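Biologist: I'd like to learn how to read the packing in this one. Can we go through it together?

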2 protein chains.
Amino acid sequence: MSRLVEVTELAPRDGHQSLLATRMATEDLVGACEDIDQAGYWSVECWGGATYDSCIRFLNEDPWERLRTFRKLMPNSRLQMLLRGQNLLGYRHYEDTVVDRFVDKSAENGMDVFRVFDALNDVRNIQRALAAVRRTGKHAEGTICYTTSPLHTVEKFVEMAQRLKELGSDSICIKDMAALLRPQPAYEIVKGIKEKCGKDTLVHVHVHSTTGVTMVSLMKAIEAGADIVDTSISSLSLGPGHNPTEALVEMLQDTGYTTRLNKDRLLKIKDHFAKVRPRYAAFESKIIGVETEIFDSQIPGGMISNMESQLKQQGAGARMKEVLAEVPRVRLAAGYPPLVTPSSQIVGTQAVFNVLMGPYKALTGEFADLMLGYYGETIAPRDPAVIEAAAKHVKKEPITCRPADLLKPEWDELRAQALALTGCNGTDEDVLTYAMFPQVAPKFFGTRADGPKNVGKAIADAAGAAAKPADGQAKPADGKGPITSPVTYAIKIGDVSHRVIVQPA
Amino acid sequence: MSRLVEVTELAPRDGHQSLLATRMATEDLVGACEDIDQAGYWSVECWGGATYDSCIRFLNEDPWERLRTFRKLMPNSRLQMLLRGQNLLGYRHYEDTVVDRFVDKSAENGMDVFRVFDALNDVRNIQRALAAVRRTGKHAEGTICYTTSPLHTVEKFVEMAQRLKELGSDSICIKDMAALLRPQPAYEIVKGIKEKCGKDTLVHVHVHSTTGVTMVSLMKAIEAGADIVDTSISSLSLGPGHNPTEALVEMLQDTGYTTRLNKDRLLKIKDHFAKVRPRYAAFESKIIGVETEIFDSQIPGGMISNMESQLKQQGAGARMKEVLAEVPRVRLAAGYPPLVTPSSQIVGTQAVFNVLMGPYKALTGEFADLMLGYYGETIAPRDPAVIEAAAKHVKKEPITCRPADLLKPEWDELRAQALALTGCNGTDEDVLTYAMFPQVAPKFFGTRADGPKNVGKAIADAAGAAAKPADGQAKPADGKGPITSPVTYAIKIGDVSHRVIVQPA
């Protein structure tokens with residue numbers, strides 16, 4: 001008798017988020033829903049901060065409508081979302097009743113599984129959201145962000161799992177957003193959780209594939225007792241994305257473990273995403289293949305491209321190596337935060353500042369807040385000198401309380417502000433959209449009636465080389481200036497030769 | 001104390017063979033040699049049938065000169081080659097003294113490790129080459145081609161290992177050319193070999209990465225006691241290639257196993273191949289990412305592209321699905337041969353014939369020979385009706401003896417023929433080149449004096465945007481290199497402007 005290993009399909013959320021800059025339109029997701037619904041997954045990850053943001057910023061889609069669409073098209077599936085704890089899907093802390101409201105509305109619109117994390121692993125930032133989920137009767141998954149530092153020991157991670165369990169987590173997720181989880185710690189952490197939290201504690205493992213080792217980590221996690229693992233269908237897998245779902249199924253054959261996934265359905269899902277992926281070629285991640293340097297730099301791929309573009313904007317593109325060397329120092333000064341949204345951006349930007357202007361000569365407001373405790377507690381003490389600089393910079397005192405404890409009730413004001421916007425439909429859902437994305441919501445409310453706008457190429461063009469421009473991004477994705485002055489090519493289309501003049505767009 | 005796991009670097013042979021159609025010139029390999037030599041590998045695979053063929057067919061390079069160059073540039077390394085047993089590097093059986101001569105000359109020119117396999121796993125076809133290697137004092141590695149069928153059990157593979165051991169193999173290789181070796185059989189076969197052949201028997205595991213599961217198979221093989229594993233540096237890895245060397249190193253951290261590879265050297269090797277790979281963009285394998293369908297079809301990627309091009313030549317490109325379904329039937333009729341050069345081509349071509357003309361209405365001469373035993377014994381009996389058709393077709397009787405036993409001494413005749421060719425230098429090496437590639441050698445001897453011809457783009461252009469033609473592939477007019485990630489151009493055709501996104505096909 002093999003032990004059943006359950007699987008979460010990531011393609012509708014983290015798959016295209018990691019590989020296609022979260023640009024996939026609902027239109028291109030619905031075609032896979034029936035097969036996903038019937039394939040035998042434990043859950044389908046399909047919603048989160050980046051997808052919500054992308055919906056209103058780029059796709060003119062109401063993210064709540066997307067959720068309801070998934071609910072309707074996948075009636076047999078657990079829908080799963082990624083929730084940034086007290087930050088919800090936004091970038092600041094929200095007052096507790098806003099957290100409650102968001103969870104209630106998400107559950108009401110069809111969400112089943114809430115994977116709740118905090119970028120600093122401060123469980124106080126996770127606690128309220130977990131409780132809110134529990135109250136709805138839905139599945140509350142307390143989450144550990146995996147990272148490496150001298151202080152991030154197996155014992156510490158297991159302790160965090162125990163605290164998450166005590167707070168009512170229905171399952172514990174180990175979230176390895178940077179593909180740093182090697183096989184041995186994967187084994188030891190899962191085993192530790194099973195031993196300390198009880199063997200019936202559901203353990204869910206999320207890994208990316210960037211470093212090329214994490215398929216083995218999934219195997220080891222399963223051997224240690226992991227109940228659920230995350231994968232993405234092969235046609236939306238690998239690189240900075242995830243391990244391929246079909247490979248997981250095959251990997252387990254004749255071992256003591258098995259999935260209940262239907263291979264014919266998986267093939268159809270694969271074919272679907274293989275068909276629509278070329279529409280989003282302009283958004284493809286630059287990272288392909290395997291990058292093991294991350295183990296030493298600790299810097300996830302998405303963060304590197306952010307820093308590169310910041311450096312280029314300052315005309316300092318050549319100083320990337322210095323920035324890469326600076327990141328671990330900033331991370332040490334900041335008490336070894338895991339590098340995940342938003343801490344990855346905060347640390348990365350400060351590293352760029354340090355290189356360009358000297359160490360902590362200039363601070364971003366966010367970095368100052370991080371140093372002063374306004375994002376929560378870190379695993380290690382933060383550098384006192386930098387805390388002092390931060391306090392001066394933003395004229396605030398360091399805090400040690402839960403950051404949201406300082407917030408006053410804000411729902412009524414958020415509601416009033418949202419309702420004043422043209423196109424706001426007056427629902428709590430719209431108020432939440434405004435609350436989480438106050439810069440983007442006004443424009444979205446105003447254009448929502450125009451309906452979804454797919455930023456991918458037309459399907460007919462996707463097979464060929466020609467393309468419609470994707471959201472104004474005329475620039476080459478890799479920043480390599482292909483040509484700067486007109487060049488004449490001979491291009492053969494079918495049997496016809498064309499002389500073609502190419503110049504910068 | 002961790003157990004040491006040794007590593008063979010594949011980039012100089014199977015790496016670019018699998019990913020770049022074996023086109024990499026010696027010129028682009030030499031720059032990595034010092035780092036490879038110092039990195040701490042057990043061996044460096046750098047020679048074999050396809051590289052030899054490519055040297056004389058495409059690159060105007062003397063393959064023996066390439067070998068001597070490697071010998072000189074990697075004085076501290078074991079150089080390793082892949083040898084097709086009695087077929088040497090060619091496509092037919094050679095008489096025993098030719099086998100001896102080839103092995104002698106290879107050893108004399110610097111080869112250290114001979115990985116000897118037979119496409120049918122008929123050890124009679126491996127025996128002579130193994131003995132020849134033993135006589136030179138070099139390392140003789142007896143090889144099992146891994147495949148799947150109802151008859152290919154762990155026990156059968158272990159039995160084969162025992163026979164290879166008895167024949168004097170210094171190590172046993174499990175060669176998984178199609179990425180079919182899942183973790184569990186990897187574990188069981190290695191364990192079985194260690195139990196039956198003795199725990200001191202060196203076990204060497206070669207896997208491809210096409211199906212996405214074989215990194216886990218390497219881990220399991222190592223847990224079962226594998227001594228040496230094959231990987232390719234990350235910038236020449238994955239897809240139909242191999243698992244990345246750096247990822248293997250990282251994977252083992254904190255496990256009970258370790259390599260002795262130097263990470264700084266690996267980074268330099270990676271950078272080197274990342275730099276030269278774009279020169280060969282025109283030869284990139286079409287297979288990217290993961291293909292698990294191979295588990296059901298049993299058809300390696302290279303074979304699929306062969307069959308596709310054969311179908312297209314017949315104007316029957318649309319019938320690929322029928323051919324894929326036919327391959328397992330042909331394989332059954334032929335006694336379940338592993339699918340590896342040359343059996344993969346023989347079985348694939350026959351499957352195309354069967355679909356186009358009806359089952360066994362037309363036979364290739366090679367397939368008839370396979371059915372009649374002229375390639376050796378298969379694990380299962382072959383279909384008597386097809387044997388009968390084959391006998392009629394080629395007017396030969398089925399045989400059960402070792403095929404080479406039917407051959408008469410041929411060296412003197414081969415030598416006479418070679419020496420009659422313009423440009424033949426009269427060495428045994430040249431005679432061997434002629435013996436193995438009688439169609440290609442005459443032209444090569446004639447042009448050899450012109451020196452190596454790199455079919456890649458010029459280095460200076462490889463970083464740029466457009467491409468110099470590689471051996472008949474369509475060329476952009478300005479001779480610049482191809483792009484490696486999507487770039488948006490404004491293109492004017494006649495008077496009409498188009499926005500065009502260009503990306504690797």
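Modeller: Let's start with A:Val229, which touches A:Val5, A:Val7, A:Val205, A:Leu218, A:Ala221, A:Ile222 and A:Leu248, leaving aside residues up to four places away in sequence. Touching, or contact, is C-beta atoms, placed from the backbone, within 7 Å. The model is predicted: local features need pLDDT of at least 70 and side-chain atom pairs 80 or more, while totals for chains, interfaces and linings use all residues. Residues count from 1 along each chain as written, and chains are lettered from A and ligands numbered from 1 in written order.

Biologist: Which residues have the most contacts inside the largest nonpolar core?

Modeller: A nonpolar core joins buried Ala, Val, Leu, Ile, Met, Phe, Trp, Tyr and Cys through C-beta atoms within 7 Å; buried means 20 or more other C-beta atoms within 10 Å of a residue's own. Here the largest core holds 293 residues, and A:Val229, B:Phe114, B:Ala129 and B:Val229 have the most contacts inside it. In chain A, 56% of the 505 residues are buried.

Biologist: What share of chain A contacts between residues at least 6 apart join residues at least 24 apart?

Modeller: That share is 76%.

Biologist: And at what angle do α2 and α11 of chain B cross?

Modeller: Helices are DSSP runs (H or I, at least four residues), numbered from the N terminus. Axes are lines fitted to C-alpha atoms over the stretch in contact, with angles from 0 to 180 degrees between N-to-C directions. The axes of α2 (residues 26–39) and α11 (residues 263–276) of chain B come within 9 Å and cross at roughly 170 degrees. So α2(B) is roughly antiparallel to α11(B), a label for angles over 145 degrees.

Notes:
Buried ≥ 20, exposed ≤ 12 C-beta atoms within 10 Å, placed from the backbone. Contact = placed C-beta atoms within 7 Å. Helix = DSSP H or I, 4+ residues; strand = E, 2+ residues; numbered from the N terminus. Parallel < 35°, antiparallel > 145°, perpendicular 65-115°, else oblique.
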